[in-house]
Amino acid sequence: MDGFTLLPPPGTRVAVVGGCGGIGRAVVARAVEIGLRVVVLDLPRSMALFPPPEGALAVACDAMDEASMGAAFDTVAREFDGLDAVINLVGFTKERMRLSDVPLAEWDEITRGTLTSAFLVSRAALPLLRAAGGGSMVHTASTFGVAVSLPGYGPYAASKAGVMNLVRALATECGPEIRVNAVAPGLVQTAFLQGGTGRPEKNERIDADAVTRMLPMRRIAQPADMVGTYLFLIGPGSVYITSQTIHVNGGLWS
């Protein structure tokens, strides 16, 4: 087909929540490069560490907080009269420990920051997608949501499994006007390996060499390896794809 492209067209209005993280920065940079109208939503700390690039609107918020998310998307609504796409990359883990040792407060924090945040982002963003006549929402799941190949990630793995099912529920309830999918990265070389971009905690016990030996690709992913899938899912090449989780993990299960 002449002129067919998998990328969203210039002028597409997209909100990237968690856009100052490792994968988020790569997605935002490419989105701006191809002419999308981008708004980045992230923690103030993350924005101070990695300010969004020129051409992207910045809105500080906390995806774990209901009022903050509502206010953030109210700000977006004053800039855009609708959104064509929402990409959500929010999520974190903490120091690895077995589930039997995880304090309830830590379980609550991780699940709120990874699963509840996805719900809050979705609920706050849906009115703007509907105002545009429909669009695409892409959440971030994880290989750990279906295969916990390293011990100590119970709360995070359970939360990411929840994200996959949240995506299915949203796709069922919001279709056909709004498509909802997820990208499930494997291990990616970002600050996530130390806890997260906007978080002071450190988690330095991941044995990257051991993971690499498990992968047919024989390397840890770079953020740029994820970008194409996110943009594909908000572009014209995916118009009949919804309720799916696409795994981008170097062939972990091969």
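Buried here means under 20% relative accessible area, exposed means over 50%, and partly exposed lies in between, with a 1.4 Å probe and protein chains only. By that cut-off, Arg13, Val14, Ala15, Val16 and Val17 of strand 1 are all buried. Helices (H or I, at least four residues) and strands (E, at least two) are DSSP runs, numbered from the N terminus. This is a predicted model, in which local features need pLDDT of at least 70 and side-chain atom pairs count only at pLDDT 80 or more, while totals for chains, interfaces and linings use all residues. Residues are numbered from 1 along each chain as its sequence is written, and side-chain values use heavy atoms, with hydrogens and water left out.

- Strand 1 (residues 13–17) has five of its five residues buried, so it is largely enclosed by the rest of the structure.
- Arg13, Ala15 and Val17 point one way from strand 1, and Val14 and Val16 point the other way.
- Two strands count as paired if DSSP finds at least two bridges between them.
- Strand 1 pairs with strand 2 (residues 37–42) in the parallel sense, over five bridges, and Val14 stands opposite Val38 there.
- Between these two strands the chain passes through helix 1 (residues 22–33), and this β-α-β crossover is right-handed; that is, with the strands pointing away from the viewer, the path from the first strand over the helix to the second runs clockwise.
- Strand 1 also runs parallel to strand 4 (residues 85–88), joined to it by four bridges, and in strand 4 the bridge partner of Val14 is Ala85.

**Strands 2 and 3**

- Strand 2 and strand 3 (residues 56–60) are parallel and pair over five bridges, with Leu41 opposite Val59 of strand 3.
- The chain goes from strand 2 to strand 3 by way of helix 2 (residues 44–49), in a right-handed β-α-β crossover.

**Salt bridges**

- A salt bridge is a side-chain nitrogen of Lys or Arg within 4 Å of a carboxyl oxygen of Asp or Glu, and a search of the whole structure finds five of them.
- Glu33 and Arg30 form a salt bridge whose closest N and O atoms are 3.1 Å apart; the two are three residues apart in helix 1, and thus separated by about one helical turn.
- Glu33 is exposed at 59% relative accessibility, whereas Arg30 is partly exposed at 31%.
- Glu66 bridges to Arg123, with the closest N and O atoms 2.4 Å apart. Because Glu66 lies in helix 3 (residues 66–79) and Arg123 in helix 4 (residues 104–131), the pair ties together parts that are 57 residues apart in sequence.
- Glu66 is partly exposed at 48% relative accessibility, and Arg123 is partly exposed at 40%.
- Lys94 and Glu109 meet in a salt bridge at 2.8 Å, N to O. Lys94 is in the loop between strand 4 and helix 4 and Glu109 is in helix 4, so this pair ties together parts that are 15 residues apart in sequence.
- Lys94 is buried, with a relative accessible area of 13%, and Glu109 is partly exposed at 22% relative accessibility.
- Arg13, Asp81 and Asp84 are linked in a network of salt bridges.

**Buried charges without a salt bridge**

- For charge, Lys and Arg count as positive and Asp and Glu as negative, while His and the chain ends are not counted.
- Arg179, in strand 6, is buried yet has no salt bridge, and the nearest side chain of opposite charge, Asp84, is 11 Å away.
- The side chain of Arg179 reaches the backbone oxygen of Leu233 at 3.1 Å and that of Ile241 at 2.9 Å.
- Contact means heavy atoms within 4.5 Å; leaving aside neighbours within four places in sequence, the contacts of Arg179 include Gly135, Ser136, Met137, Gly235 and Thr242.
- Lys160, in helix 5, is likewise buried and has no salt bridge, the nearest side chain of opposite charge being Asp42 at 13 Å.
- The side chain of Lys160 reaches the backbone oxygen of Thr140 at 2.7 Å.
- Leaving aside neighbours within four places in sequence, residues in contact with Lys160 include Val90, Thr114 and Gly145.

**Backbone details**

- A cis peptide bond joins Gly175 and Pro176, with omega about 5 degrees; Pro176 sits in the loop between helix 5 (154–174) and strand 6 (178–185).
- Ser243 has phi near 70 degrees, a positive value in a residue other than glycine.
- Ser243 is in the loop between helix 7 (224–233) and strand 7 (245–248), and counts as partly exposed at 23% relative accessibility.

Conventions: Polar contact = N/O pair within 3.5 Å; in protein donor to acceptor, adjacent residues only side chain to side chain.
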